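Subject: Structure handover

Hello,

Please find the structure below, with the sequence. My notes on it follow.

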Amino acid sequence: MSGNKKSIEDLLKLLAMGEALTPSQEKEMKDYKFWKTQPVPALDEQITQEGPIDVVKTPADVPDEPMPLIKDFEWSNIDVQNSEQLDELYKLLYDNYVEDTDATFRFKYSHDFFKWALMPPGWIKDWHTGVRVKETGKLVAFIAATPVTLKLTKSDKVIECVEINFLCIHKKLRNKRLAPIMIKEITRRVNKQNIWQALYTGGLILPTPLATCRYQHRPINWSKLHDVGFSHLPANQTKGAMLAYYALPNETNIPGLRQMKAEDVPQALSLLNKYQQKFDIVQIFTEEEFKHWMLGKDGSASEVIKSYVVENSEGKITDYFSYYLLPFTVLDNTHHDELGIAYLYYYASDTEGDNYKQRLNDLMTDALITSKQFDVDVFNCLTCQDNTFFLKDCKFGSGDGFLNYYLFNYKTFPMNGGIDKQTKQVIEDKTSGVGVVLL
């Protein structure tokens, strides 16, 4: 490709927060000056037993004072219930979080998205940590933690931890070594609540991933993707042939499929709990948490999260799926100013045995069909969960981006992540081991 033409693979690679390293970067990564000081497994360490790395401390052992910042900057909690401060966070992420090298696309976060992502049950204001310029008050960095309960199914261990997300530093401050300070500070704040583990993801290889998954994408509106330079026309193909290849029916196919309601929460959660026993690491939800993540803030219909159930004639929920919406702004394009992006979230089915793969394919086909009404142009997922059972038949393509899963201060046995360790190709029809989905 030439000019500003970006493929879906390129953008998903950026979404994974990692690009190809230069030789000097590779050397620096091998040194791992910061991570050598942290309770994480060493690279290539053989895990023989799961469990915490650091001896458990108490909150009393943790300093009460924040980490010292370089002069001219100060810590500042971001109030996500305040519209003006949400606008500040939006501007920081919009200008500095993840964008392609040609500055063609940027995330278009909404207030609803921030409230959904940052205010689940048990959220703590102190965990929405910003850095401001003292003199002007300008927000120049941010990191967030949200409460998560994980379960390692093989050892039956439950871990109270947090998910770390939205680490963003203003482009002009990237040489100030702010990231390690922010990681240490959010760690201190979480430790003060007697929580000692954290789940996080990234595109770069750090010490040491518990799993690596590969990004997958399924064009819904191929013509628009091509117009904005998000997708390219393969050799020996016509635009008409591409449109025909990715065409979807207008109506869903599974009888009893409908949008999830609040009263579906107990049944759907019970179904998910049973379904997820097949994975090595999963998130455990209370009914209140499940309601928040599947139906939006306060259980109201959300413009962010879309959830569907399949109810049979006896009133039993047999399947469900969900996905969230996070569009891109398209810059410098005369025909389009936004791309609709959907991300597969949690799903479950009570179908087993020989019919299981077909059922997942039917469910995901209907998920793709429903996404059209929300102006989705491309539907994304990873090779986590049991996604490898439907990727090929549902016409997903592998991207160049990879997402590494990490647990801070905890060793786990490695999981395949749905891809071959050497070739990085999808392992079809085999569970990934990774049942937890991060934003």
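Which side chain does D64 meet in a salt bridge? The partner is K192, at 2.6 Å from N to O. A salt bridge here is a side-chain nitrogen of Lys or Arg within 4 Å of a carboxyl oxygen of Asp or Glu.

Before the rest, some points on the source. This is a predicted model, in which local features need pLDDT of at least 70 and side-chain atom pairs count only at pLDDT 80 or more, while totals for chains, interfaces and linings use all residues. Residues are numbered from 1 along each chain as its sequence is written, and side-chain values use heavy atoms, with hydrogens and water left out.

Salt bridges

The structure holds 17 salt bridges. Helices (H or I, at least four residues) and strands (E, at least two) are DSSP runs, numbered from the N terminus. D64 is exposed, with a relative accessible area of 58%, and K192 is partly exposed at 25%. The classes are buried for under 20% relative accessible area, exposed for over 50%, and partly exposed in between (1.4 Å probe, protein chains only).

K316 and D350 form another salt bridge, with the closest N and O atoms 3.4 Å apart. K316 sits in the loop between β11 (305-311) and β12 (317-325), and D350 in the loop between β15 (341-349) and α10 (356-371), so this pair ties together parts 34 residues apart in sequence. K316 is partly exposed, at 43%, as is D350, at 31%.

E185 and R188 are both in helix α5, three residues apart, which is about one turn of the helix. Their salt bridge has its closest N and O atoms 2.8 Å apart. E185 is buried at 0% relative accessibility, and R188 is buried at 10%. The two belong to a network of salt bridges that links D126, E185, R188 and R189.

Strand β5 (residues 139-152) is mostly covered, with 13 of its 14 residues buried. Strands count as paired if DSSP finds at least two bridges between them.

- β4 (residues 128-133) runs antiparallel to β5, joined by five bridges, and H128 stands opposite A144. The two form a hairpin with five residues between them, and G137 in the turn has a positive phi of about 80°.
- β6 (residues 157-169) pairs with β5 in the antiparallel sense over eleven bridges, with T149 and E160 as bridge partners. Four residues lie between the strands of this hairpin, where D156 takes a positive phi near 60°.
- β10 (residues 281-283) is antiparallel to β5 over three bridges, and I281 stands opposite L152.

Helices α3 and α4

Helix α3 (residues 83-96) packs on helix α4 (residues 111-118) at an angle of about 95°, with the axes 10 Å apart. That makes the two helices roughly perpendicular, a class that covers 65 to 115 degrees. Axes are lines fitted to C-alpha atoms over the stretch in contact, and angles run from 0 to 180 degrees between N-to-C directions. Contact means heavy atoms within 4.5 Å. On the α3 side, S83, L86, D87, L89, Y90 and L93 meet H111, F114, K115 and L118 in α4.

Regards

Methods. Angles under 35 degrees count as roughly parallel, over 145 as roughly antiparallel, 65 to 115 as roughly perpendicular and the rest as oblique.
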